[in-house]
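Below is a short note on packing, for reading alongside the coordinates.

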Amino acid sequence: MTAVGTSVDGPQRTRSATVHTEQSPPASSTAPDPQTGLGWGLLLTALAWLTCRLVVGARWAPARNPIRFDPSLWARWDTFNYGAITQYGRSFGACNSTALAGMSNPFHATWCGTAAWLPGYPWLIRGLQTTGISLPDAGLMISWAAMAIALFVVWLGWARSLHPVRALFVMVAFGVFPGAVYNFALFPTSVALAGVVGAILAATRERFLVAAVLMTVAGLSYPSAWFAAGGLAAGMILVGCSLGARQVVRRGLWGIAGLASLIVLGVHDQIVFGHANAYVLVNTGPGLDTHGFPGEIWIRLVVQRDTAEQRRIGTSAADALAVQGLLAVVMMAVATARTGWTWVETRVVDDVYPAAVGLAVVVSVLLISATGGAWNRSVVLAAPCVICLRRLPFPLLALLVVISAVTTAFVSRAFFAGTLV
């Protein structure tokens with residue numbers, strides 16, 4: 001086994017990695033390395049999941065036991081809206097209507113209801129409830145399982161060819177990416193993340209229908225998945241540019257198909273509520289709009305550290321949240337730069353899609369974010385950009401993991417304390 005160091009890359013697999021061929025790779029004349037077997041993948045997935053779970057709960061005593069299954073620890077804020085949707089379906093209407101008169105309306109909005117939240121996660125919970133499992137237990141089981149699936153997909157698609165130690169570090173870096181605590185909570189981010197990373201892998205392997213379906217699932221679960229779908233579509237078009245106009249159109253159409261969740265949501269809401277844009281109406285009421293120049297929230301988050309979230313969570317957590325916002329941008333920028341250089345030199349596509357998704361999510365959150373809270377949660381769907389950093393010199397990769405883990409531990413404490421929205 002290779003010693004851990006700057007060359008911990010391990011055995012390399014022959015794959016159809018460039019746009020110059022779409023045929024299956026030739027069979028290897030040597031026996032497969034045991035380190036690439038599914039058993040290794042499951043083991044590394046379990047280790048990565050447990051490590052990330054330990055990091056998330058490290059600074060909150062009741063959450064430190066990684067196998068303690070207690071939904072009450074993970075239910076905060078929007079959790080209760082997803083629970084309401086699971087039980088009663090999404091609601092929508094005028095805030096002064098009889099049906100919604102009792103709903104809190106601090107911003108004096110015109111339209112109210114749980115239509116402001118997406119239905120994918122509640123639909124999954126409702127499906128699991130049919131087996132007799134309670135709503136909170138079902139929600140937590142889905143979140144934890146989805147995070148494990150996302151980690152396994154990272155191993156299967158990109159870390160499988162690496163030395164197991166390096167593979168584990170890459171998977172942990174992915175798992176403690178900014179916003180990680182929400183992936184383990186009663187929130188839909190891990191479901192969306194699993195769909196996004198699965199779609200990226202499917203697109204890399206030319207399985208465009210699978211990619212579109214998975215991205216649709218992600219888009220029905222969490223809104224920043226729409227930005228991820230846009231990034232994947234842009235990446236597919238970029239790859240198609242080197243293959244001719246026909247491939248540009250083909251891949252572009254498949255990429256756009258990843259935004260089918262918007263059509264599904266619009267049709268559903270038109271039929272049920274009479275307003276195809278119900279989600280937008282509830283989310284753009286008075287008091288919810290952002291004023292100022294694009295990126296202002298991020299500057300306040302990182303430099304001034306005076307966003308509404310930071311004022312609420314205390315000094316140490318506010319500083320950690322600033323570091324988290326900076327980390328997301330730096331990792332995305334480095335991943336994009338490395339991928340761009342590789343693409344120009346070799347036309348290898350393995351990293352194009354993860355980088356495009358990370359860039360799209362971070363830039364969209366940076367420029368379009370309605371609240372500073374997007375840097376707590378929405379940015380977590382940029383985690384696939386970490387895949388592009390898997391061949392960093394090992395000391396740098398380890399340092400990235402340590403910084404991300406410490407930051408995540410401090411931010412997560414504010415979540416458990418109930419101060420981080």
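1. Contact here means heavy atoms within 4.5 Å. The model is a predicted one, and the points below should be read with that in mind.

2. Leaving aside neighbours within four places in sequence, Gly57 is in contact with Ala63, Arg64 and Phe416.

3. Gly57 belongs to helix 1, which covers residues 38-57. Its relative accessible area is 0%; Gly57 is therefore buried, as that term requires a value under 20%.

4. Helix 1 has 20 residues, so at 1.5 Å a residue it should span 28 Å; its end C-alpha atoms are 28 Å apart, in agreement.

5. Gly57 is one of the buried residues of helix 1, which also include Gly41, Leu44, Thr45, Ala48, Trp49, Cys52, Arg53, Val55 and Val56. An α-helix has 3.6 residues a turn, so residues three or four places apart point the same way. Among the elements that cover the buried residues of helix 1 are helix 4, helix 5 (164-175), helix 6 (181-184) and helix 17 (394-417).

6. The largest nonpolar core holds 123 residues, and within it Trp74, Trp375 and Phe415 touch the most other members. Helix 4 (residues 135-159) gives the most to this core, with 15 residues.

7. Which residues does Phe415 touch, not counting those up to four places away in sequence? They are Leu73, Trp74, Arg76, Val181, Tyr182, Ala185, Phe187 and Leu420.

Technical notes. Residues are numbered from 1 along each chain as its sequence is written. This is a predicted model: local features need pLDDT of at least 70, side-chain atom pairs count only at pLDDT 80 or more; totals for chains, interfaces and linings use all residues. Side-chain values use heavy atoms; hydrogens and water are left out. A nonpolar core is a set of buried Ala, Val, Leu, Ile, Met, Phe, Trp, Tyr and Cys residues joined through side-chain atoms within 4.5 Å. Buried means under 20% relative accessible area, exposed over 50%, partly exposed in between (1.4 Å probe, protein chains only). Helices (H or I, at least four residues) and strands (E, at least two) are DSSP runs, numbered from the N terminus. The expected span of a helix is 1.5 Å times one less than its number of residues.
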